[in-house]
Amino acid sequence: FIKGERSNYITSEDKALIEKHFPQATVISIPEAGHWVHAENKDAFYETVMNFV
């Protein structure tokens, strides 16, 4: 999962639920970004996605 560090879209409670349903998941926080991580910090978003694939 990818979230912006300035976004409250994925909360601490959500992280626990994500880990329960997807035990191997990680939540990556993109710096200097809100909910629109792909637009607000496109370089960090691109790097994160490319490291995953």
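Student: Which residues line the largest pocket?

Tutor: Glad you started there. In this predicted model, the lining is made up of Phe1, Ile2, Gln24, Ala25, Thr26, Ile28, Thr48, Val49 and Phe52. The volume of this largest pocket is about 210 Å³.

Student: Which helix gives the most to that lining?

Tutor: Look at helix H3, residues 42-52: it gives the most, with three residues.

Student: And how do the lining residues divide into nonpolar, polar and charged?

Tutor: Sort them by residue class. Here six are nonpolar, three are polar and no charged residue takes part.

Student: How many helices and strands does the protein chain have?

Tutor: There are three helices and two strands. Read from the N terminus on, their order is β-α-β-α-α.

Student: Let's take single residues. Is serine 7 buried or exposed?

Tutor: Compare its relative accessibility with the cut-off: under 20% means buried. Serine 7 has 13%, so it counts as buried. You will find serine 7 in the loop between strand S1 (2-4) and helix H1 (12-21).

Student: Which residues does serine 7 touch, not counting those up to four places away in sequence?

Tutor: With those neighbours set aside, serine 7 touches Ala33, Gly34 and His35.

Student: Where is glutamate 19 found, and what is its relative accessible area?

Tutor: Glutamate 19 is in helix H1. Because its relative accessible area is 48%, glutamate 19 is classed as partly exposed.

Student: How many residues apart in sequence are glutamate 19 and histidine 35, and what is the distance in space?

Tutor: They are 16 residues apart in sequence, and their C-alpha atoms lie 20 Å apart. Histidine 35 is also one of the residues that serine 7 touches.

Student: Now the whole chain: how many of its residues count as buried?

Tutor: Of the 53 residues, 21% do. The chain exposes about 4,400 Å², of which carbon and sulfur atoms supply 55%.

Methods
Residues numbered from 1 in each chain as written. Predicted model: local features only at pLDDT ≥ 70, side-chain atom pairs only at ≥ 80, totals over all residues. Heavy atoms only, no water. Helix = DSSP H or I, 4+ residues; strand = E, 2+ residues; numbered from the N terminus. Buried < 20%, exposed > 50% of the residue type's maximum accessible area, 1.4 Å probe, protein only. Contact = heavy atoms within 4.5 Å. 1 Å grid on protein atoms, 1.4 Å probe; cavity = no way out; pocket = protein on both sides within 12 Å on 5 of 7 lines; lining within 4 Å. Points joined across faces, edges and corners; volume = space filled by probe spheres on them. Nonpolar A, V, L, I, M, F, W, Y, C, P; charged D, E, K, R; others polar. Areas by Shrake-Rupley, 256 points an atom, 1.4 Å probe, with all protein chains shown as cover.
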